[in-house]
There are 2 protein chains.
Amino acid sequence: MDNKKNKVGSANITMLTDLYQLTMMQGYYKMGFNQQAVFDLFFREREDLNYCIFCGLHTVVNYINNLHFAKSDIDYLESLGIFDKLFLKYLAEFRFSGSIQSVVEGEVVFANEPMIVVKAPIIEAQLVETALLNMIGYQSLVASKASRIVFAAKGQQVVEFGVRRAFGYDAATNGSRAAVIGGCIGTSNVEAGKQYGINVYGTHSHSWVLSFDSEYKAFESYANVYKDSCLLLVDTYDTLKSGVPNAIKIFDQLKSQGHKPIGIRLDSGDLAYLSKMSRNLLDKAGHCDAKIFASGDIDEFVIEALHSQGAKIDIWGVGGKLITGGSNQLLGCVYKLVAIESGNTFTPKMKYSDNLAKTTTPGIKQVYRLYDDSGMTIADLIALQDEYIPKPLTIVHPTDRWKKLKIDNYTKRQLLVDIFVDGKLVYNLPSLQQTISKADDELSKFWDEYKRITTPHIYKVDLSDQLYFLKNKMLTE
Amino acid sequence: MDNKKNKVGSANITMLTDLYQLTMMQGYYKMGFNQQAVFDLFFREREDLNYCIFCGLHTVVNYINNLHFAKSDIDYLESLGIFDKLFLKYLAEFRFSGSIQSVVEGEVVFANEPMIVVKAPIIEAQLVETALLNMIGYQSLVASKASRIVFAAKGQQVVEFGVRRAFGYDAATNGSRAAVIGGCIGTSNVEAGKQYGINVYGTHSHSWVLSFDSEYKAFESYANVYKDSCLLLVDTYDTLKSGVPNAIKIFDQLKSQGHKPIGIRLDSGDLAYLSKMSRNLLDKAGHCDAKIFASGDIDEFVIEALHSQGAKIDIWGVGGKLITGGSNQLLGCVYKLVAIESGNTFTPKMKYSDNLAKTTTPGIKQVYRLYDDSGMTIADLIALQDEYIPKPLTIVHPTDRWKKLKIDNYTKRQLLVDIFVDGKLVYNLPSLQQTISKADDELSKFWDEYKRITTPHIYKVDLSDQLYFLKNKMLTE
């Protein structure tokens with residue numbers, strides 16, 4: 001993997017917003033309402049996703065840095081007939097002057113934890129909601145899905161193969177990046193390779209085989225060009241009667257010439273049965289070192305099922321079910337007002353709901369991760385930003401108040417760091433390799449029980465005393 | 001809706017491809033293998049999607065028109081160490097010289113029908129596979145999902161609200177466009193509005209309400225700015241005890257000043273119950289003309305369920321479950337080699353599979369839609385391109401040969417039209433409005449029984465005699 005630095009690009013996607021952000025902005029503008037507001041971006045609890053790998057901050061940084069309305073944007077908005085001249089003039093001069101805290105890319109995060117906190121005049125904070133949700137929601141979904149798939153693969157390598165299934169160009173490209181942050185070793189997507197320095201993988205398809213008079217000729221022709229990176233797709237006609245025997249002949253020849261072929265790829269049929277039979281054939285022919293690569297509708301559940309049946313697969317190519325989130329569908333982040341400036345202070349704000357889990361947590365927050373002596377995580381604590389965190393500490397379940405945990409000893413780390421302060425970028429985007437390592441390191445500090453695909457142990461994310469009392473007070477008022 | 005003409009843009013996304021396309025291309029290049037090949041792009045049969053609205057051709061046209069490797073692309077490919085100088089020189093000079101037939105955007109298409117047919121030297125035809133699948137797969141998914149949702153809405157208006165849930169920038173923007181082709185009346189996405197002239201909609205969010213001291217003040221402030229486009233979100237605190245009564249007070253005032261407010265929006269809670277109760281309150285207060293707008297996790301199944309419970313909803317805002325395909329997840333198009341030049345003719349090619357439904361249909365094809373005297377569709381027929389279609393016609397199920405239908409009288413229409421001929425664009429992209437009308441008109445020629453959301457009647461897509469015999473002959477050989 002290239003150690004390419006993430007660059008701050010120059011694309012302007014200011015208009016990627018919901019119309020209601022602009023109608024509200026005009027409302028605030030006309031009222032002269034320019035109090036600072038604080039918004040939390042987080043995802044809600046869900047049964048199918050026990051943890052999330054935060055991803056997408058690099059695009060957020062580019063977006064905020066380039067946030068401005070071009071002349072053509074203003075012209076278009078004027079044409080709608082709902083915005084007046086003064087407000088359009090304000091938009092034409094608009095720059096983001098607020099502050100943004102965020103967890104870093106590759107961070108392990110949980111439901112209800114603020115992943116991004118935007119503090120800005122409400123008119124500015126409102127504008128950026130849509131794009132932030134769009135970027136973080138998708139990229140974090142893919143990084144999280146990749147992490148689950150890589151966990152299921154138990155040390156076997158996973159390659160991201162979904163460019164053709166991705167929902168457009170930047171989904172493919174930022175999706176590939178998210179997938180390697182989630183633990184994939186590379187991608188088939190050449191654009192992602194170029195743009196982000198991600199390792200690229202790929203050999204040939206069924207059409208290559210079909211375009212020759214015979215499978216053997218197709219393999220031979222491929223091997224002539226790729227002698228030392230020869231990986232043959234063996235399921236075009238009949239995997240066990242034709243594909244693997246033909247591959248073995250080619251491997252025999254390549255090895256006799258001193259080359260080292262990689263192995264075979266299976267893309268259809270029953271991967272458990274075919275991989276075991278193929279392994280037998282390869283081993284009997286003396287190709288114990290030939291790898292078996294599997295692709296075709298794979299996700300974490302398929303990998304677990306194939307593992308449990310003793311499938312002999314070495315490397316996994318995962319496509320549509322990774323790059324589109326597959327069974328996890330979408331992350332569904334929300335961006336909620338949690339405080340608003342009034343006088344010299346901030347008044348906490350809360351969105352009520354009949355469903356307590358959907359009632360937001362008010363106040364300006366920090367998230368702490370607590371570690372034990374061995375460096376493993378104990379729990380996360382959502383607290384008020386300026387709150388003192390005592391030691392020993394008793395943490396309490398956010399809704400089920402009788403669930404308590406007393407922690408005598410711990411070290412803590414703040415997850416939210418400054419990205420923009422008063423409109424100025426103060427954060428150095430790490431290299432992709434650093435982000436990959438960050439995700440990998442942090443994930444290793446969580447017990448596997450938390451990462452299990454089905455019925456995982458639920459990691460504790462509790463509210464500090466002050467935050468709990470604040471929320472409770474507002475609920476009962 | 002603006003009658004903006006679809007423009008042929010200039011973005012270059014040539015590198016949006018799988019690495020294996022380039023490794024295969026180098027293989028063909030080194031062998032001097034430059035026969036013409038024909039590939040069909042289609043989607044496979046699936047239980048959850050009875051028909052599809054084809055979408056994405058406008059991006060395909062832009063892509064093919066701008067297809068070339070930039071200097072930085074070549075430099076990157078060279079850095080991988082797997083491509084030799086001669087091949088890189090070939091790539092640097094690469095232009096697409098082939099021909100592309102396609103169904104037009106807005107066309108109703110079915111599983112296994114070639115939606116795009118690429119005929120080009122195999123080295124060129126191979127390159128474009130990935131991007132074509134990426135573009136058509138996503139945009140057709142969203143257009144199809146929108147069509148299902150609009151069908152479920154039974155004439156009620158549907159607005160696309162998913163920009164924050166979309167998988168990136170171009171997914172949001174092309175997704176909004178696809179949604180209106182599928183029947184939505186507009187979008188909340190301002191960029192899509194600007195880029196494609198789509199009607200944009202939006203009012204205010206919960207944060208607007210929370211940023212004021214009271215809901216009433218928030219509504220009043222909003223109504224002061226948007227007197228004649230006033231639509232109030234009523235579920236921030238308590239929909240029936242606070243939201244709707246406050247909205248009624250505002251509507252009373254607006255009407256007394258001669259204005260015409262639009263209505264209310266419900267975004268949470270039980271939409272059947274809340275809409276019925278809200279309707280009652282509004283009607284009793286004399287606001288029978290106030291519309292009820294519903295949003296929040298809506299798709300075709302939710303709409304059908306709410307309809308069946310007599311929900312009083314007038315307009316639907318549909319977000320994540322539309323722009324990401326929701327329950328339909330992904331279209332999963334494939335691009336299969338169906339013929340290859342040999343001498344003066346083309347040899348049909350077929351990918352075999354144990355599963356007959358997954359075995360491709362060989363040969364260069366045309367798709368015919370057959371209509372009865374009243375203009376309603378009877379069936380589609382996939383035939384060889386130069387095949388004579390007799391009248392009367394007996395059509396036969398593609399796999400279950402005993403299922404036959406004799407059609408005495410019909411008119412037919414070819415679905416595949418020329419887009420590129422020998423590398424030259426010969427197709428005028430219609431305006432978005434024309435495409436919307438096309439989809440609407442064509443869909444109206446199908447009986448509702450085919451469009452039903454659950455257990456729809458299956459529309460007949462049969463193979464011509466010649467195509468059936470060709471496939472059968474190749475299968476038995």
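Against which elements of chain B do the buried residues of H13(B) pack? The buried residues of H13(B) pack against helix H6 (129–152), helix H12 (271–284) and strand S11 (315–318) of chain B, where contact means heavy atoms within 4.5 Å. This is a predicted model, in which local features need pLDDT of at least 70, side-chain atom pairs count only at pLDDT 80 or more, and totals for chains, interfaces and linings use all residues. Residues are numbered from 1 along each chain as its sequence is written, chains are lettered from A and ligands numbered from 1 in the order in which they are written, and side-chain values use heavy atoms, with hydrogens and water left out.

Helices (H or I, at least four residues) and strands (E, at least two) are DSSP runs, numbered from the N terminus. Helix H13 of chain B spans residues 300–308, and its buried residues are B:Glu300, B:Ile303 and B:Leu306 (buried means under 20% relative accessible area, exposed over 50%, partly exposed in between; 1.4 Å probe, protein chains only). They lie on the same side of H13(B), because they cover an arc of only 130° around the axis; the arc is that of the directions from the helix axis to the C-beta atoms. H13(B) is followed by B:Gly310, which has a positive phi, near 70°.

B:Lys365 is located in strand S14 (residues 365–371) of chain B. B:Lys365 counts as buried because its relative accessibility is 2%. Its side chain reaches the backbone oxygen of B:Thr361 at 2.7 Å. Beyond its neighbours within four places in sequence, B:Lys365 is in contact with residues including B:Asp40, B:Gln101 and B:Leu467.

Terms used. A polar contact is a pair of N or O atoms within 3.5 Å; within protein, one must be able to donate a hydrogen and the other to accept it, and residues adjacent in sequence count only if both atoms are side-chain atoms.
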